[in-house]
Amino acid sequence: MRRLADGKGNHIPNGPVGLPIIGSFPFLSHYPELTLDYWAKKFGPLYSIWLGDQLFVVVSDPLIAKDLLITNGNIFSSRKEMFIKSKTIFHGRGITVMPNDARWRRHRKIANSFLNGQFLDDHTEIFDYEAKILVRELFRYGRAGTEPLNPQPHAGRCSLNAMLTIVFGIRTDTLEHPLVGHALRLSREFMNCTGPVSNLVDFVPLLQRLPNSLTNRAKKLHKDLVDAYGGMINEIEERMNNGQDVPSLSREDLAFMIGGVESTASIVQWFSAIMPSHPDIQEKAHAELDRVVGRNRLPTVDDEKDLPYVRAIIKEVERCHNPFWLSTPHVNTEDYTYQGQFIPKDTVVILNTVYTMHHNAERYSDPFKFNPDRYLNDHTKSSESTRLANVMERDHWMFGAGRRICPAITVAEHELWLAISRMLWAFKMEEAPGEPIDLKEYDGLSGRSPVPFRIQMIPRDHS
Ligand code: HEM
């Protein structure tokens with residue numbers, strides 16, 4: 001253990017001793033969440049690590065998360081300009097990579113107005129429609145439960161279509177539409193290139209000047225994103241110049257096409273991967289759905305309050321497998337001393353969510369068990385839960401915290417509710433014979449999606 005201090009003798013949070021130049025990077029290249037969890041147990045809920053020349057503090061406790069990111073949100077709401085994500089892929093332009101300045105505040109205001117309130121009410125039919133198509137396609141491609149299928153591209157297309165409709169006013173009409181595979185690959189590649197602690201190139205400036213495969217991938221990704229969506233943006237601008245009424249979110253930000261696709265799709269994938277090994281949980285959900293909704297119509301957004309068990313299943317999937325296991329790091333714009341521990345300006349603050357905060361036995365008993373019952377007395381939507389004064393009662397931290405919290409929580413909740421409640425309503429989900437599902441492995445460098453799998457989606461009836 002090292003005891004760090006700045007020139008004035010201020011103590012920086014303790015943490016592991018790293019290697020010269022690269023710091024703790026080699027310990028985080030494989031399953032970083034396990035190492036970060038191990039260090040949380042060893043060094044406590046606020047510890048520091050160095051990656052190259054960058055100081056990180058890792059937060060593993062809800063109360064500290066609240067004190068730093070929420071109560072001191074005026075200080076802890078900026079972003080580090082990461083070489084790969086901010087400079088190479090986004091060219092500094094996505095809302096998610098912008099530092100806390102006037103430009104970010106302007107984008108955030110627009111995002112908030114588009115993703116909530118009236119706009120959302122006016123667009124619920126989009127999510128409703130896409131979730132219906134999802135169920136129909138799962139039925140069709142699974143040949144009414146007789147053929148195993150991988151739900152991943154279907155869940156991906158459902159999220160992709162929702163985002164394409166909101167942002168560009170278009171959608172894909174089949175799974176075979178070339179944009180589906182292309183957009184899902186780009187989303188996945190973005191996730192895989194931008195793990196918060198996975199890119200040494202981000203933290204060792206010398207590497208940024210040398211040719212390396214990650215920078216090449218990031219450059220290619222930037223070009224592919226511009227090729228895929230740039231034309232649509234230009235077309236939107238042209239239509240606006242001609243005085244047509246068009247969705248104007250696209251003028252502001254392409255980040256929605258990234259953040260809004262793989263994230264929700266990944267929860268649906270984890271849900272599909274988990275359900276086959278929990279027939280008892282499916283049975284309870286089916287009973288609740290049949291009692292409240294019946295067999296003559298699909299569940300709707302309005303049914304959510306009356307289907308606590310289905311909601312609890314969704315929250316439990318989110319607790320166990322939130323797509324951003326280390327959230328999106330924040331940065332503090334001023335020096336700050338927290339309970340005697342000095343956090344110098346420009347420190348990167350990581351919320352160590354899924355493995356440590358979401359598996360804290362004091363908050364979630366028997367934390368490694370998939371147990372929706374733990375949420376049965378939680379009557380909040382996640383968008384409401386993020387506003388609870390007592391953060392120990394918050395359902396989970398999947399959407400981040402403070403001023404940078406995901407602006408699309410309600411959108412994500414609507415999408416997930418409609419997709420998952422309808423999949424449960426329509427199907428019994430079983431493992432395909434001889435194809436066990438591996439819930440330990442995932443695709444990416446810090447969480448996100450399960451490795452590809454196939455399941456049998458057996459219709460509960462054929463209407
Ligand atoms: C399950 C689905 C989703 C999850 C788990 C998720 C999670 C997150 C997280 C953890 C952050 C960073 C929060 C922080 O810095 O504290 C974030 C930011 C963001 N999310 Fe989401 N998100 C989801 C869905 C969406 C959707 C559907 C959209 C678009 C419609 C979206 C758009 C954004 C944007 C634009 C930001 C950047 C906000 C900023 O930096 O000010 N997200 N999200």
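Modeller: Helices (H or I, at least four residues) and strands (E, at least two) are DSSP runs, numbered from the N terminus. Residues are numbered from 1 along each chain as its sequence is written. This is a predicted model, in which local features need pLDDT of at least 70, side-chain atom pairs count only at pLDDT 80 or more, and totals for chains, interfaces and linings use all residues.

Biologist: Where does Asp 346 lie?

Modeller: Asp 346 lies in the loop between strand S7 (341-343) and strand S8 (348-351).

Biologist: What is the phi of Asp 346?

Modeller: Most residues other than glycine have a negative phi. Asp 346, however, has a positive phi, near 70 degrees.

Biologist: How many other C-beta atoms lie within 10 Å of Asp 346?

Modeller: There are 14, so Asp 346 is partly exposed; with C-beta atoms placed from the backbone, a residue is buried at 20 or more others within 10 Å, exposed at 12 or fewer, and partly exposed in between. Ala 144, in the loop between helix H5 (117-141) and helix H6 (152-168), also has a positive phi, near 50 degrees. Ala 144 is exposed, with 11 other C-beta atoms within 10 Å.

Biologist: At what angle do the axes of H13 and H17 cross?

Modeller: Two packed helices are described by the angle between their axes and the distance between the axes. Here the axes of H13 and H17 come within 10 Å and cross at roughly 30 degrees. Axes are lines fitted to C-alpha atoms, for helices over the stretch in contact, with angles from 0 to 180 degrees between N-to-C directions. H13 and H17 are therefore roughly parallel, a term for angles under 35 degrees.

Conventions: Angles under 35 degrees count as roughly parallel, over 145 as roughly antiparallel, 65 to 115 as roughly perpendicular and the rest as oblique.
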